[in-house]
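Welcome, and please have your viewer ready with the chain loaded.

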Amino acid sequence: MQWNYGNPKTGSMSIRGVSSGSSENIDPSLGVVVDNVPYAYVALASGSDYVDIDTVDVRRGPQGTDGGRATTMGVIDFKTRRPTFNPEAYASVTFGSYNNLSSVNGLLTQGALGGPVVDGLLAWRGTFYRNQQEGAYKNAYFDIQDRTSYGNADRSYGRVQFLLTPSSSFEGLFSFDYKPNGIEFVN
């Protein structure tokens, strides 16, 4: 599989060298599913930052309606990490130029924390993510000159999950996701 990032209009994903098409393609031949939610609009899939990923499964060929929609080329299926009853924590901070889109400063922070609330009954997991990066071209317009640049990144995300397991035959996963609007200037 390959992720082809251009801009919000030309980004796509491909499998076996065949692209899903640009974001103008509302019903792409390649399906992308995140936590059992199918993305029918390519810009949602190719323009997203994937956070706290547990597994990525690539299934090639026609997929019927598995995952909520039919595809002819295959499906890329992302699963995020779920709460567990084992205490765990991780964090990372990256500073500097961390992608090939520009050569200016950026700051990427991410982490997760979780474990049991009531052992064997209720577990939780909290995930946070912040991606800030200046763009390669400064904005010369006076009103926003010092606040934005072209090609910048301004993305925040947070998720809190609770896993309830009252019996061996029932499991409930409750997820609260928060993603505030950011200001990005890309084509």
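Select L107 and Q132 to begin: L107 stands opposite Q132 in β10. The strands behind this pair are β9 and β10 (residues 122-133), which pair in the antiparallel sense over 12 bridges. Strands here are DSSP runs (E, at least two residues), helices are runs of H or I with at least four, and both are numbered from the N terminus. Two strands count as paired if DSSP finds at least two bridges between them.

Before going further, a word on what you are viewing. This is a predicted model, in which local features need pLDDT of at least 70 and side-chain atom pairs count only at pLDDT 80 or more, while totals for chains, interfaces and linings use all residues. Residues are numbered from 1 along each chain as its sequence is written, and side-chain values use heavy atoms, with hydrogens and water left out.

Now colour by pLDDT, the predictor's confidence in each residue, from 0 to 100. The chain has a mean of 81, and 76% of its residues reach 70 or more. Confidence is highest in strand β14 (residues 170-178), at 95, and lowest in strand β3 (residues 18-19), at a mean of 63.

Is β8 buried or in the open? Of its 8 residues (88-95), the number buried is 0, so β8 lies largely in the open. Buried means under 20% relative accessible area, exposed over 50%, and partly exposed in between (1.4 Å probe, protein chains only).

Pick R155 in strand β13 (residues 153-167). R155 is buried, with a relative accessible area of 17%, and its side chain makes a polar contact with the side chain of D49 (2.7 Å). A polar contact is a pair of N or O atoms within 3.5 Å; within protein, one must be able to donate a hydrogen and the other to accept it, and residues adjacent in sequence count only if both atoms are side-chain atoms.

Y157 is also in β13. Its side chain makes a polar contact with that of R159 (2.9 Å). The C-alpha atoms of Y157 and D49 are separated by 9.4 Å, although the two residues are 108 apart along the chain.

Finish with two backbone angles. Most residues other than glycine have a negative phi. D35, however, has a positive phi near 50 degrees, and D52 one of about 55 degrees. D35 is partly exposed at 34% relative accessibility, whereas D52 is buried at 4%.
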